Amino acid sequence: MNILTKWLRSYLPELPVDDRQLAEDLTLRGIAVEGEFEASCGGKLYEMDITTNRVDAMNHYGVAREAAAIYGVPLKPLAAADPIAETQPGAGFPVRIEADDLCGRFTARIIRGVTVRPSTGLIAEYFTALSQKPISAPVDATNFGWLAMGQPTHAFDLDKIEGGIVVRRARAGEKLQLLDGTERTLVADDLVIADEKKALGLAGVMGGWDSRVTDETRNILVEAAWFDPATIRASSRRHLLHTDASHRFERGADFAIAPAANNLVTRLIIEQCGGDVTGPLVDVIIPALAAKTAARLPIKLSVTEVQRHLGTTLDGEGISAEIIERFLSALGCVLSRDAAANTWNVTLPSWRLDLEREIDLVEEVARVYGYNKFADTLPTFTGTVIELPHSSQESIIRETLRGIGFSEAISSTFVAEHEATAFGDAQSGVVAMGNPLSEEAGMLRPALTPGMATMLAHNLHRDVADVRLFELGTVFTGSTTQVQEATGLAIGITGASAATSLHSANDVLFYEMKGAIETLLAKFSGTVTFDAADLPTWIEPGRGARALLDGAPIAWFGELASAEAQRRKLRQTCVLAEVKAAILLTAKLRQPVSRDLSRFQAVQRDFSFVFADTVHWQQIASALNGLNIPELQRIAPVEIFRDPKGKAVAAGSYSLLTRVVFQSIDRTLTEEEIATWHERIVTALTTLGGTQRA
Amino acid sequence: MSTAIPELSTFDEQDLDRAFAALTAEVREQAKSLRSDEAIEAFRLNWLGRKQGRLGQISAAWLKSAPVEAKKSLGIRFNALKALVEEQRAATGDADARTASTLDVTLPGTAHRIGVEHPLISTMAEIVSVFQRMGYSVGLGPEVETDFYNFESLNFPPNHPARDTQDTLVVAGQDAKPLRDRLLMRTHTSPVQIRTMLEQAPPLRIVIPGKVHRNDAADATHSPVFHQVEGLCVGTDITFSDLKGTLDHAMKAFFGSAVKTRFFPSFFPFTEPSADVQISCIFCGGKGCRKCKHSGWIELLGCGMVDPAVFEAVNQRRIELGRDPVYDTKKISGFAFGMGVDRITMMKYGISDIGLLYSGDMRFLEQFA
């Protein structure tokens, strides 16, 4: 909301600071001035940002009260809100509060014989400065009322009211045309101001069209009331009507101020439009609601409690009893001191429904004293520091993947339903959102691979063809009754593939992924194996594998299935991995052990064999390891050749160059023993069905 | 090319040195002009040729006639010369390489790919480590929370706007459950404060990094997914001035010792008194610039003293769980603070669109390599 300093100063004749300093001091006390502009009426216009709990400061008099407390200067009483004597005798207007749990107070007064015209004078001047749209003098008077003192009021065309006022719950399905011209269908939880026949307005939110003040209006009923905050908030939300009135009522208006607000508005209407105050001010109060608001019981405040919470001040004096009394009194509290106990009984101001407990008063003291006048101290600590049990595993995962060229990314927590189905595990279940951000974000991600596929697509669609990413994050399974969270890991690869002597261009991305997983899992203790069993459907058939750590599945990886790739318009091969990182977080890290390095020469021998495609590397490796030659230090495939024409190597078979390295820790190897081992290896490979090439 | 073999008058060290120095100089000189296959072949024949090769001649002329005691010293020099010849010949390589025998040092080096730490993750880790050094343990909690942990225990009234589905993402099918058991995406890391206090008695200090979600439409500064770091310090006689001192110290540790802090009253349901903290602008040092909107200050943190209602909710829950209600509001006090990691990251690196943090865009990430 906006505040005019000229208006403020009318309540603060002794204000000792200029507008700049005032803005700063208010801001430092939580009454934040976000912007300062020249005001057309003179002085400054402050753009305020006032926290929702301080509805009392969302008006000029409220801000003035804060300034009075800060500087210790007097706050002028609101003379315009003083009682008004009737100028024409008459009966008070009949008012009945039917919904006495929702409306705590209702004041009504009749003004007869007005001439509706535009506002002049101070109202017009302030409204121009505030860009508040002028409507007509009576309506402007009600707006001036809340701008001045925070209390929304309403002016009815008295002649449109049939019988007396009834404050009641709406009838379900009841129709009401509001001031904005729209017709609303009400529900039984809405509160309406009605007459004997019909609803006149949506209480606390917006007045009705039919009973509005028009140029023809001659007689006016001025209303100022107090409504239950939750009810007004619900109505405001239900009808998507956020008004200046609802903003204030839903945060808790001042129960005590209704008559004063009615007086102020009445006085302004008569000044602007003439007319007679007819009969007394009717003021219906529901005591049960008064007891919850204006007539709350005093609360106890002790000096030691203030000091225990607030600590040391910059001047070293701490917060004294005098400081507490000065600030709280200025804010409208009434303090009666029990000197012996060093405590007070504090009667709370009716406009501060946010104050309920001792701690609220502690905060008020700190706030008005000034937060920045407290010292910077550091607490002593005797507790223990507890390390997260899996923080080193998490760091190792990140460091390892970064070390081999994968960058960390973060994707959305939500996936589309079809993604949850395609990438999730039906047995583990998936969790739907109740109010999804969009149709594409209807489920909690059961896996990180869909997000990874989305990120690969993001890059490819922006002509970034070469991508290496990983994501470490939470995956969600279970049901809407019980959600299970676990840490997941996805790895994504696309682009920059060149055939090697071992891997063809088609397969090289798969092997890059396998290598990444091998490198990662090698950081953990346990035996790593791979197979192609039970692969999920998001992996293209025949193009994926599964990694197992000590026999338990831990990662699934392979080329994204063509259906998924097409859905995402991916025109190049993407290889993804889904890793159960949760297992790794609790797994033992591999403890490196150093061994002696041989001083003796290593001898390398190559074996070129042709095998049928059905013979896999694992069989070859285990056959050679099975020879139990301790000096056989390394076995590696170095070249694979297939001849698409089937000439050099027959179709259905491949030529494999295997390299072995012999080395002894304690001696130079002799030609004879190498020859023996060579022979055994040839025999073993031949036994596997291999044919040695010339 | 020379074919003469110098005469060796004696085989003493000086003569040998002189003779081999001359030969070495000759090899180097000739090697300079090896620009064609013919020249290389001539060089090879001159030194290594089987018949006229000078090394062979030297071997024949000198090694054979050398006295026994000089043979070793001569042999060492001879081998060095032979190695030099072979080295020079090998260095010529093939014809293509010879034409470009000098390096273009302005060509880019081989591109090595290194994985990039996500700027959010690194910023979050840095913030956490500042507090770890101040004796804070790290706490984590679930991203799907119940209303109890996310709202009720943190003193949010039942009809608080934050509870509305307009602000909070909720899990489907919760209506049949009691309000406190309904599942939602946590909107802040504060539930971990409660979870920690249920498990541990005071004194405690924890720092809580984590991912949170809100029902916000995505734009340049809003993302439905974002990250917070939260802290909690509870004990006897923890005061507001301790909160001020702790955050002032932490901000200096994170942004540099020249940074100043100032505190403003604010409002959070779970702290009282509550404050917003500004730091002096890290870009202009407080003079005022575009980044701080010419105020000299940047808003960075929310904080406050733990509201006694939170301790009471913890005590109540502890009793329900059969634990002692050890958070006696008459003795125990504490402070909590929280900050948005995304905003700090964006400010630190000048990132203009929060969406980039969640895009996996390689062009974006590789800037942080």
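How many Å separate the centres of domain 2 of chain A and domain 3 of chain A, taken over C-alpha atoms? The legends below take this up with other views of the predicted model.

**View 1. Domains of chain A in the predicted model.** Chain A is divided into five assigned stretches: domain 1 (2–73), domain 2 (95–292), domain 3 (299–373), domain 4 (391–586) and domain 5 (603–692). Over C-alpha atoms, the centres of domain 2 and domain 3 of chain A are separated by 36 Å.

**View 2. Helix α2 of chain A and its neighbours.** The helix covers residues 19–28. Its buried residues are Asp19(A), Leu22(A), Ala23(A), Leu26(A) and Leu28(A). Within chain A, these residues pack against α1 (5–11), β2 (31–38), β3 (44–50) and α3 (60–71). They also pack against a strand of chain B, β6 (261–268). After α2(A) comes Gly30(A), with a positive phi near 90°.

**View 3. The contact between chain A and chain B.** Chain A brings 65 residues to the contact, and chain B brings 66. On the side of chain A, helix α12 (residues 358–369) supplies the largest share, six residues. The class counts for that side are 30 nonpolar, 24 polar and 11 charged residues.

**View 4. Strand β17 of chain A and its two faces.** In a regular strand the side chains alternate between the two faces of the sheet.

**View 5. Partners of β17(A).** Strand β15 (residues 299–302) of chain A runs antiparallel to β17(A), joined by four bridges. Here Lys300(A) stands opposite Asn345(A). Strand β16 (residues 334–338) of chain A also pairs with β17(A) in the antiparallel sense, over five bridges. Val334(A) has Thr347(A) as its bridge partner. Four residues lie between β16(A) and β17(A) in this hairpin. In the turn, Asn342(A) has a positive phi of about 55°.

**View 6. Chain B as a whole.** Chain B holds 12 helices and nine strands. Its radius of gyration is 39 Å, well over the 21 Å that the globule rule gives for 369 residues, so chain B is more spread out than a compact globule. The C-alpha trace spans about 110 × 50 × 45 Å along its principal axes. Of the 369 residues in chain B, 41% are buried. Among contacts in chain B between residues at least 6 apart in sequence, 67% join residues at least 24 apart.

**View 7. The open sheet of chain B.** Seven strands line up in the order β1-β4-β5-β9-β8-β7-β6, with mixed pairing. The edge strands are β1 (137–138) and β6 of chain B, each pairing on one side only. Inside the sheet, β5 (residues 225–236) and β9 (residues 332–340) of chain B run antiparallel and are joined by nine bridges. Glu230(B) has Gly338(B) in β9(B) as its bridge partner. Helix α6 (residues 119–133) of chain B packs on the sheet. This helix touches β1, β4 (204–213) and β5 of chain B, and its direction makes about 5° with that of β5(B).

Terms used
Residues numbered from 1 in each chain as written. Chains lettered and ligands numbered in written order. Predicted model: local features only at pLDDT ≥ 70, side-chain atom pairs only at ≥ 80, totals over all residues. Buried ≥ 20, exposed ≤ 12 C-beta atoms within 10 Å, placed from the backbone. Contact = placed C-beta atoms within 7 Å. Domains from an automatic or database assignment. Nonpolar A, V, L, I, M, F, W, Y, C, P; charged D, E, K, R; others polar. Rg over C-alpha atoms; globule rule 2.2 N^0.38 Å. Pairing = 2+ DSSP bridges. Axes fitted to C-alpha atoms, helices over the stretch in contact; angles between N-to-C directions.
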